[in-house]
Structures are given as structure tokens and as C-alpha cells.
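Please look over the model below before reading my comments. The points are meant to be checked against it one by one.

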Amino acid sequence: PTDGSVTANKIGSGAVVLTSKVSGVLPVANGGTGSSLGGNAPYWSGRLASNQTIPRTTTTTITSFSTNEIDSSSAFDGTTFTVPSGGAGTYFINATIYYDWGASGNDGEDQQTLIVHTPSGGSATTIATGRFNQGDPAKVIYDQTVTATIIFPLGVGDTVIVRAYGADNNGGGGGVALADQTNFGGFRIGA
């Protein structure tokens with residue numbers, strides 16, 4: 001319009017359709033989700049497929065996060081996320097291990113969830129640790145959830161895994177990572 005204003009009576013019926021013929025994120029008010037699938041790709045997530053016993057005082061890689069697995073770029077094998085070509089950037093990474101101490105006398109004293117990064121051609125380094133250490137063997141710990149979270153830059157070919165460390169100071173064992181509540185995932189938040 002020459003007067004610079006646009007009103008409903010100046011727009012033809014059906015001229016603007018906000019549920020199709022647009023790109024980007026469709027607003028929630030117009031039937032969208034408010035997010036763009038793939039906007040944070042690569043992304044991955046999985047829950048532990050079966051319980052995994054953790055040997056006492058031994059750092060152990062948690063394997064088989066293949067239940068409800070989501071993998072936008074075929075870069076996650078259920079244990080290791082490998083940054084694919086074009087996927088370098090800054091990532092939000094999260095790992096949670098649910099420790100069950102029932103088989104160790106219900107008195108696990110130290111449990112750790114570790115996120116481990118290996119740069120392409122480099123050596124593995126723990127980049128985030130979630131830890132609960134109550135330090136008193138007389139106290140009862142039936143179950144404990146320990147989470148590690150980090151925002152970290154990853155390059156093409158870099159890998160990320162989850163490791164666990166558990167100790168029952170009375171010598172009973174290292175606990176069990178329970179499948180139904182142990183998970184690992186992440187997504188790129190910036191290039």
C-alpha cells in the first residue's frame with residue numbers, strides 16, 4: 001500500500017498461509033513446535049539397554065545406550081559419539097548413571113559419572129565429572145543418580161563416551177548401572 005500500512009482488508013483471502021510455503025521455525029501459535037528439527041544437529045541420545053555391573057574401584061566404560069536411541073547423523077554407535085564431517089562446533093553433553101547398590105549391601109560410598117573426550121588422533125581426557133561420595137561406610141545408600149553435564153567444543157573425528165566409577169568401601173562391589181534410568185546424549189549448540 002502506498003500509505004505504508006497493511007490491514008486485514010488489504011490482504012487477499014488466502015494470500016498468507018503460515019502453515020506452509022514458509023521456511024524456518026513455524027510459531028507455536030500457527031501449529032508449529034517453536035523449534036526446528038535438525039537445527040541442533042548433530043544430536044544423539046540413548047538409554048542403557050540392560051543393567052551393567054561396575055567393578056569395584058575400576059573406571060569402566062558404559063556400553064550399549066541403544067534403548068530409545070536417537071541419532072541425527074549416524075554418528076552414535078550406542079557407546080561412542082564420533083563428530084561427523086561438517087559437525088564441528090560447541091556441544092551440550094549430558095550423562096546420567098543410576099547406581100544401584102543392592103548387590104553390595106546397600107552401602108555404596110563413592111559413585112562417579114565421567115564424560116570422556118578423545119580428540120581425533122589424541123588421548124582420552126575426562127572433561128566432566130559428576131560425583132557423590134558420602135564417605136561413611138556405616139551410612140546406607142540404596143540407589144544414587146549421578147549426572148555430568150558440560151558445554152564443550154568438539155572437532156570432526158573427536159569422540160565422546162561415558163565412564164563410571166563406583167566403590168563400596170566395605171569391599172562389596174562397584175554397584176550396578178540400572179538400564180531404565182542411565183542415559184547419554186548431546187547436541188550441537190553452535191558451529
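My notes follow as numbered points.

1. **Ground rules.** This is a predicted model, in which local features need pLDDT of at least 70 and side-chain atom pairs count only at pLDDT 80 or more, while totals for chains, interfaces and linings use all residues. Residues are numbered from 1 along each chain as its sequence is written, and side-chain values use heavy atoms, with hydrogens and water left out.

2. **Overall make-up.** The chain has zero helices and 12 strands. Helices (H or I, at least four residues) and strands (E, at least two) are DSSP runs, numbered from the N terminus. Of the 191 residues, 38% are buried. Buried means under 20% relative accessible area, exposed means over 50%, and partly exposed lies in between (1.4 Å probe, protein chains only).

3. **Contacts and surface.** Take the contacts between residues at least 6 apart in sequence: 72% of them join residues at least 24 apart. A contact here means heavy atoms within 4.5 Å. The chain exposes about 9700 Å², and carbon and sulfur atoms supply 50% of that area. Accessible areas come from the Shrake-Rupley method with a 1.4 Å probe; for residues, only the protein chains shown count as cover.

4. **The main core.** In soluble globular proteins, nonpolar side chains tend to be buried together. Here the largest nonpolar core has 30 residues. Such a core is a set of buried Ala, Val, Leu, Ile, Met, Phe, Trp, Tyr and Cys residues joined through side-chain atoms within 4.5 Å. Ile62, Phe81, Ile93, Ile115, Leu154 and Phe184 have the most contacts inside it. Strands E6 (89–100), E8, E9 (143–154) and E10 (159–167) each supply at least two residues of this core. Another core, of five residues, lies apart from it; Val116, Ile161, Tyr165 and Ala167 are among its members.

5. **Ile93 up close.** What does Ile93 touch, not counting residues up to four places away in sequence? Its partners include Trp44, Ile115, Leu154, Val160 and Phe184. Gly185 and Gly186 are also among them.

6. **The salt bridge.** How many salt bridges does the structure hold? It holds one. The term means a side-chain nitrogen of Lys or Arg within 4 Å of a carboxyl oxygen of Asp or Glu. The side chains of Arg131 and Asp110 form it, at 2.8 Å from N to O. Arg131 lies in strand E8 (residues 125–133) and Asp110 in strand E7 (residues 110–118), so the pair ties together parts that are 21 residues apart in sequence. Asp110 counts as buried, at 6% relative accessibility.

7. **Two buried threonines.** Thr113 sits in strand E7 and is buried at 0% relative accessibility. Its side chain reaches the backbone oxygen of Val146 at 2.8 Å. Leaving aside neighbours within four places in sequence, Thr113 is in contact with residues including Ala95, Ile97, Ala128, Val146 and Val162. Thr60 sits in strand E3 and is buried at 15% relative accessible area. Its side chain reaches the backbone oxygen of Thr58 at 3.0 Å. Not counting residues up to four places away in sequence, Thr60 touches Gln52, Ile54, Pro55, Val162, Arg163 and Ala164.

8. **Backbone points to check.** The peptide bond from Ala41 to Pro42 is cis, with omega near 0°. Pro42 lies in the segment before strand E1 (43–47). Ser64 has phi near 70°, a positive value in a residue other than glycine. Ser64 is in the loop between strand E3 (60–61) and strand E4 (67–71), and is partly exposed at 30% relative accessible area. Ser74 also has a positive phi, near 50°. Ser74 is in the loop between E4 and strand E5 (81–82), and is exposed at 71%.

9. **Surface features.** Ile151, Phe187 and Ile189 make a nonpolar surface patch of about 260 Å². Patch residues have over 30% relative accessible area and no salt bridge; like charges are joined within 9 Å, and nonpolar side chains (Val, Leu, Ile, Met, Phe, Trp, Tyr) within 5 Å. Ile189 is in strand E12 (residues 183–190) and is partly exposed, at 42%. Gly121 is in the loop between E7 and E8 and is exposed, at 88% relative accessibility. Gly121 and Gly157 are 36 residues apart in sequence and 8.4 Å apart in space, C-alpha to C-alpha.

Terms used:
A polar contact is a pair of N or O atoms within 3.5 Å; within protein, one must be able to donate a hydrogen and the other to accept it, and residues adjacent in sequence count only if both atoms are side-chain atoms.
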